[in-house]
Amino acid sequence: MSFPLLYPAAFAFIAAASVFDLRFRRIPDLLNAGFFVLCLAASLYYGTGVLAQFALFSALSLFFSLLLYRMGAWGGGDAKFFIALSASLAVFGKSLESVVLLFLLSALLLGVAALFSRRAMRFPGLEINLLNALGVRHSERGGRRMVFAPFLSAAFAAMVFFA
């Protein structure tokens, strides 16, 4: 018993969200909501055990995302993206610890990228900042804004597609 569209939809979702976040510094609500509804339908298809786990993952990730949003660490799109990804972990047969692992792994990837962004690679006569090469721009306030969706996507892909 399988939900055939789930894996290609997840791949398309994380790819589209990453591109939108890198290019426009936002993730469309319709993209997040569409994937969330698809995973809700899949959890209904699989039965009450998966549906209960889906509801638990959704509630916990909503609380955590709202906390980070209110603290100013995440934007609204990042929070909604995390909720959709975390809730989908139930449908992929992952445990509750996977939600925590998803955040920690993506934070680790973001931390490595932040380290590179603070120290531009220097070559004779050339200065390269890896995150600027990926399309990350300066914010309107003059500071730097780190996009989170690509790192969250990489962590999700590692957990779902490669584990």
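For these notes, two residues are in contact when heavy atoms of theirs lie within 4.5 Å. I kept that in mind while reading this structure, which is a predicted model.

**Entry 1: contacts along the chain.** I began with contacts between residues at least 6 apart in sequence, and found that 70% of them join residues at least 24 apart.

**Entry 2: the parts list.** Next I looked up the secondary structure and found seven helices and two strands. Following the sequence, I wrote the order down as α-α-α-α-α-β-β-α-α.

**Entry 3: a helix pair.** I turned to helix α1, residues 6-24, and helix α2, residues 29-46. Their axes come within 10 Å and cross at roughly 160°. Angles over 145 degrees count as roughly antiparallel, so that is how α1 and α2 run relative to each other. I also looked up the handedness, and α1 passes α2 in a left-handed crossing.

**Entry 4: who touches whom.** Which residues make this contact? On the α1 side I listed Leu-6, Ala-9, Ala-10, Phe-13, Ala-16, Ala-17 and Phe-20. On the α2 side I listed Leu-31, Asn-32, Phe-35, Leu-38, Cys-39 and Ala-42. Sorting the residues of the contact by type gave me twelve nonpolar, one polar and no charged.

Methods: Residues numbered from 1 in each chain as written. Predicted model: local features only at pLDDT ≥ 70, side-chain atom pairs only at ≥ 80, totals over all residues. Heavy atoms only, no water. Axes fitted to C-alpha atoms, helices over the stretch in contact; angles between N-to-C directions. Helix = DSSP H or I, 4+ residues; strand = E, 2+ residues; numbered from the N terminus. Parallel < 35°, antiparallel > 145°, perpendicular 65-115°, else oblique. Left-handed = near helix turned anticlockwise from the far one by under 90°. Nonpolar A, V, L, I, M, F, W, Y, C, P; charged D, E, K, R; others polar.
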